[in-house]
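Student: Hi! I've got a structure open and I'd like to talk it through. Can you help me find my way around?
Tutor: Happy to, let's have a look together.

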Amino acid sequence: MAKRKVTRKKVVKKNIARGVVYISATYNNTVITVTDEAGNVISWSSAGSLGFKGSKKSTPYAAQQAVEDALTKAKEHGIKEVGIKVQGPGSGRETAVKSVGATEGIRVLFLKDITPLPHNGCRPPKRRRV
């Protein structure tokens, strides 16, 4: 049998100046997604994808590393100005926001909390009759 030549898909460099950084900080992990203004994903990173395992994934340091990784990938596409949308109660939340602001060459336009909150919640179960 003849060997097939393996071809890699070429990464297309986009030229996007503005974007949105979504920080999803759960109790177990922190996921960073960088999108353009329309919501198309440019780059993403998470504490788990960087090799942190177990309880180390939920640390502020792991969140900081994930932000730096995602923004490094996004800078290759020309990101210069970002807005930040934060979701979740995790411990990496504050550190992730600070490290976006501290990143060289990226200007923060806005910061918004998009954590879903129930207005009244589900209907409680009916009273127990014994």
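Predicted model: local features only at pLDDT ≥ 70, side-chain atom pairs only at ≥ 80, totals over all residues.

Student: Okay, and which are the buried residues of helix 2?
Tutor: They are R93, A96, V97, S99 and V100. These residues sit on the same side of helix 2, because they cover an arc of only 165° around the axis.

Student: What exposed residues are on the face turned away from the buried side of helix 2?
Tutor: That face carries E94, K98 and A102, which are exposed.

Student: Now the two helices. At what angle do helix 1 and helix 2 pack?
Tutor: Helix 1 (residues 60-75) and helix 2 (residues 93-102) pack at about 35°, and their axes are 8 Å apart. Their crossing is right-handed.

Student: Which residues make that contact?
Tutor: Helix 1 brings P60, A63, Q64, V67 and L71, while helix 2 brings T95, A96, S99 and V100. By type, six of the contact residues are nonpolar, three are polar and none is charged.

Student: Switching topic: how many residues does the largest nonpolar core have?
Tutor: That core has 20 residues, and the ones with the most contacts inside it are V21, I23, I32, L71, I79 and V100. As general background, nonpolar side chains tend to be buried together in soluble globular proteins.

Student: Which elements supply the core, and where does the largest share come from?
Tutor: Strand 1, strand 2, helix 1, strand 4 and helix 2 each give at least two residues. Helix 1 has the largest share, with six residues.

Student: I79 was on your list. What does I79 touch?
Tutor: Setting aside residues up to four places away in sequence, I79 touches I16, A17, R18, G19, I42, A74, G105 and I106.

Student: And G78, where is that one?
Tutor: G78 is in the loop between helix 1 and strand 4.

Student: Is G78 buried or exposed?
Tutor: G78 is buried: its relative accessible area is 13%, and the cut-off for buried is under 20%. Apart from neighbours within four places in sequence, G78 contacts K14, I16 and A17. G78 and R18 are 60 residues apart along the chain, with 8.5 Å between their C-alpha atoms.

Student: What about A38, buried or exposed?
Tutor: A38 is exposed, with a relative accessible area of 68%. You'll find A38 in the loop between strand 2 and strand 3 (41-46). From A38 to R107 it's 69 residues in sequence and 19 Å in space, C-alpha to C-alpha.

Student: Last one: where does C122 lie?
Tutor: C122 is in the segment after strand 5. C122 is exposed, at a relative accessible area of 75%. Between C122 and A25 there are 24 Å in space, C-alpha to C-alpha, and the two are 97 residues apart in sequence.

Conventions. Residues numbered from 1 in each chain as written. Heavy atoms only, no water. Axes fitted to C-alpha atoms, helices over the stretch in contact; angles between N-to-C directions. Helix = DSSP H or I, 4+ residues; strand = E, 2+ residues; numbered from the N terminus. Left-handed = near helix turned anticlockwise from the far one by under 90°. Contact = heavy atoms within 4.5 Å. Nonpolar A, V, L, I, M, F, W, Y, C, P; charged D, E, K, R; others polar. Buried < 20%, exposed > 50% of the residue type's maximum accessible area, 1.4 Å probe, protein only. Arc of directions from axis to C-beta. Core = buried A, V, L, I, M, F, W, Y, C linked by side-chain atoms within 4.5 Å.
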